[in-house]
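Welcome! Take a moment with the chain shown below, and then we will walk through it topic by topic.

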Amino acid sequence: MALEGSFNIAYRAAKAALNKIVQGLAEDLKADGVTVIALHPGWVRTDMGGPDAPLSVEESATGIIETIDALTIAETGSFLDYLGKTVAW
């Protein structure tokens, strides 16, 4: 949301919609004990991330698994990175 202008507007609008879905589902499912988050995998060396990305697939996946394993209902509705740190919406 901090980026201005219309560059990649469709992609950015889809990301904003995903964030709102996460927030809504988190609120709706909290009473059932279901934790819902958005998770940023980091900049990963893949076909999309490119060869200059700082993270290997293994590093990102390990962090994602550890973050998911450590989740509690207190994090529901959060946007976290692959290390479990809060990311600004």
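How far apart are the mean positions of the 6 positive and 12 negative charges of the chain? They are 7 Å apart, where Lys and Arg count as positive and Asp and Glu as negative, with His and the chain ends not counted. The place of each charge is taken as NZ of Lys, CZ of Arg, CG of Asp or CD of Glu.

Before going further, please note that this is a predicted model, in which local features need pLDDT of at least 70, side-chain atom pairs count only at pLDDT 80 or more, and totals for chains, interfaces and linings use all residues. Residues are numbered from 1 along each chain as its sequence is written, and side-chain values use heavy atoms, with hydrogens and water left out.

**The chain as a whole**

- The secondary structure consists of two helices and two strands; helices (H or I, at least four residues) and strands (E, at least two) are DSSP runs, numbered from the N terminus.
- The C-alpha trace spans about 40 × 35 × 20 Å along its principal axes.
- Of the 89 residues, 26% count as buried; buried means under 20% relative accessible area, exposed over 50%, and partly exposed in between (1.4 Å probe, protein chains only).
- The chain has an accessible surface of about 6,300 Å², and carbon and sulfur atoms own 62% of it; such areas come from the Shrake-Rupley method with a 1.4 Å probe, and for residues only the protein chains shown count as cover.
- Among contacts (heavy atoms within 4.5 Å) with a separation of 6 or more, 45% join residues 24 or more positions apart.

**Helix α1**

- Helix α1 covers residues 9–29, and its 21 residues should span 30 Å at 1.5 Å a residue, which agrees with end C-alpha atoms that are 30 Å apart. The expected span of a helix is 1.5 Å times one less than its number of residues.
- Which residues of α1 are buried? They are Asn19, Val22 and Ala26, and they sit on the same side of α1 because they cover an arc of only 55° around the axis. The arc is that of the directions from the helix axis to the C-beta atoms.
- Here is a handy rule: an α-helix has 3.6 residues a turn, so residues three or four places apart point the same way.
- The face turned away from the buried side of α1 carries the exposed residues Ala10, Lys20, Glu27 and Asp28.
- Strand β1 is included in what covers the buried residues of α1.

- Ala26 counts as buried because its relative accessibility is 3%. Leaving out residues up to four places away in sequence, Ala26 touches Val36, Thr76 and Gly77.
- Ala26 and Ser56 are 30 residues apart in sequence, and their C-alpha atoms are 30 Å apart in space.
- Asn19, with 16% relative accessibility, counts as buried too. Beyond its neighbours within four places in sequence, Asn19 is in contact with Ala38 and Trp89.
- Asn8 is found in the segment before α1, and Asn8 has a positive phi of about 55° although it is not a glycine. At 42% relative accessibility, Asn8 counts as partly exposed.

**Helix α2**

- The 14 residues of helix α2 (residues 57–70) should span 20 Å at 1.5 Å a residue, and the end C-alpha atoms agree, being 20 Å apart.
- Ser60, Gly63 and Thr67 are the buried residues of α2. They fall within an arc of 70° when seen down the axis, so they line one face of the helix.
- On the other side of α2, you will find Glu58, Ile65, Glu66 and Asp69 exposed.
- What covers the buried residues of α2 includes β1 (38–40) and β2 (79–81).
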